[in-house]
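Thank you all for coming; I would like to walk you through one structure this morning, going from its sheets to its cores and then to a single residue. Please keep the picture in view while I talk.

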Amino acid sequence: MPADIAPATRAPASAERAPAPPRVQSALLDALRSDLAAAPFTTQACRDLLGPLAHDALGRENPIPARRVLAEDERPTAVLLWLFTLGGALRRDLVERALPALGLEGAIALGLVEEIEAEAAAEGGGDGGSRAARVRAVVDVSPYAASDDLGEIQWWIASDLSEIATGAPLFSDHVLGVGGASLTLARITPRGHVGRVLDLGCGGGIQALHASRHADHVVATDLSPRALAFAAFNAALNGIELELRDGSLLEPVAGEQFDLVVSNPPFVITPRSGGVEQWTYRDGGRTGDVLTAELLAELPPHLAPGGSALMLSNWEISADTAWDVHLRAWLEPVLADGIDAWAIQRESEDAAQYAETWARDGGITVRDAAWPSMQEAWLEDFEARGTTGIGFGYLMLRRPAAPRPDGAAVLLEEVTGTGSGTLSEHIGAGLTALDALARLDDEALLASRPVRAADVVERRHLTPGEFDPMLIELVQGGGFARAVREDQVLAAVVGALDGTLTLGQILGAVCALTDEDEDDARERVLPQLREMIRTSMVTL
């Protein structure tokens, strides 16, 4: 068995300082990159080796199936999984064989591993009292694969070791790997070519790495020196150039404008009292949800004409108010500056669920002595502000290329579905559509030649034996998988939108065939068409 020390034997986070971040040494990074590719240590190779059961369990932070699969496997891919993911302490020769170009000394020089002493008896031999040198990881190195509008990606991302490897709560200055929020933001960010990009609160740099594929210049900021060190390492390991700056929120880019701003800010709402641990990667150090409000108030001068901003956030919801009350207040300075805003609530949790989620995220479980007091502190904090629920979702902004005399457009909605394909292109089109529709009066819309999107189909519901449908819906295959209820007139109009005739011509013909009053039909159909254009079910 390659790993002979259980991860849980490591000291808890409170008893240790966070390890030093990895170091950038170009020649050694070239060797590491070569070894990881040769192993191969890729997402596909790991998935193939582990099999679906163990791979999926590992994604849920259950390492037991993976340990069983890898128990007797000494191939490089298995050894690297044991070392960096499962936190095993390995024999020197196994590490040397898995990293032949880099070598153990090179891995130590980069700050990836350390040598320790372990009981020789743990391998099933020895007298129980002898000591043997072993190697264990200091940081996590994981393969990362993704597919976006620009094609396939295969990188390696370094971060602090996870709970799977340490068996202990996270350090307060823990640098997170590629988590669910990071993946979400990467998937919704449009990937059209832009000049300057800002990754605000970059952590280990995953958004900045993505942006480097379609931007002329990328600036990444964070107030954590450890996070910036990991971002520098990840950029160098993957052969990518980034400009890294130290500082809080927008302070490091004062007076500068960007064509795209992406941010996965520390939006988690954490009590400021009660002894609740603070984690830099997720806690903004404010009471309640005000950090996003501060960020949005400062953002407008930094967004260039035609530029967009995308970020994730949480917001508090009170029992006696609408879910979007905080969002509307946050967006006031954005709209006042002429920037269009689109906010989507994707999910929500009650106060108790939220406290449980984020305690577990920090490595605290119901078995830990700190669990009851943390839950009490969270609930008391929410009760003090009348908060009963917390929403999670996306904030998308776009400054029009040219100002509009009628001001900015705003849209706030709850959307839980997801269709096929990527959301990034859909969201980019939606932001553009907000501006286009605001400039288009009804006469101009009737003179346009819209086209029904290829992924839109019609669904008819009939009572068995009846000829006429009781319900007609237009259903979107991509994007957010929206469904629009329609009548026969709208169905006929949308069915004819192939770009050949103007919308006015189509609507007039449909009304003539159905004996509908054209003025009444316009009043009913045009708002529906505008909504379908905004949601990319119809394109101009």
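This is a predicted model: local features need pLDDT of at least 70, side-chain atom pairs count only at pLDDT 80 or more; totals for chains, interfaces and linings use all residues.

**Helices across the sheet**

Let me start with helix α8, residues 180-188, which lies across β8 (258-263), β9 (303-318) and β11 (387-398) and runs at about 140° to β9. Residues are numbered from 1 along each chain as its sequence is written, and side-chain values use heavy atoms, with hydrogens and water left out.

Helices here are DSSP runs of H or I with at least four residues, and strands are runs of E with at least two, numbered from the N terminus; axes are lines fitted to C-alpha atoms, for helices over the stretch in contact, and angles run from 0 to 180 degrees between N-to-C directions. A further helix, α16 (residues 423-438), lies across β9, β10 (340-350) and β11, at about 75° to β11.

The sheet itself is open, with eight strands in the order β7-β6-β5-β8-β9-β11-β10-β12 and mixed pairing, where two strands pair if DSSP finds at least two bridges between them. Its edge strands are β7 (243-246) and β12 (410-414), each pairing on one side only. Within it, β5 (residues 194-200) and β6 (residues 215-222) pair in the parallel sense over six bridges, and valine 197 has valine 218 in β6 as its bridge partner.

Which residues have the most contacts inside the largest nonpolar core? They are Trp342, Tyr394 and Ile427, in a core of 53 residues; such a core is a set of buried Ala, Val, Leu, Ile, Met, Phe, Trp, Tyr and Cys residues joined through side-chain atoms within 4.5 Å, and buried means under 20% relative accessible area, with a 1.4 Å probe and protein chains only. Helix α14 (residues 351-361) gives the most to this core, with five residues.

Taking contact as heavy atoms within 4.5 Å, isoleucine 427 has among its partners beyond four places in sequence Ile188, Leu310 and Phe480.

Finally, threonine 42 sits in the loop between α1 (26-38) and α2 (43-59), and it counts as buried because its relative accessibility is 18%. Setting aside residues up to four places away in sequence, threonine 42 touches Pro143 and Gln154.

Technical notes
Buried means under 20% relative accessible area, exposed over 50%, partly exposed in between (1.4 Å probe, protein chains only).
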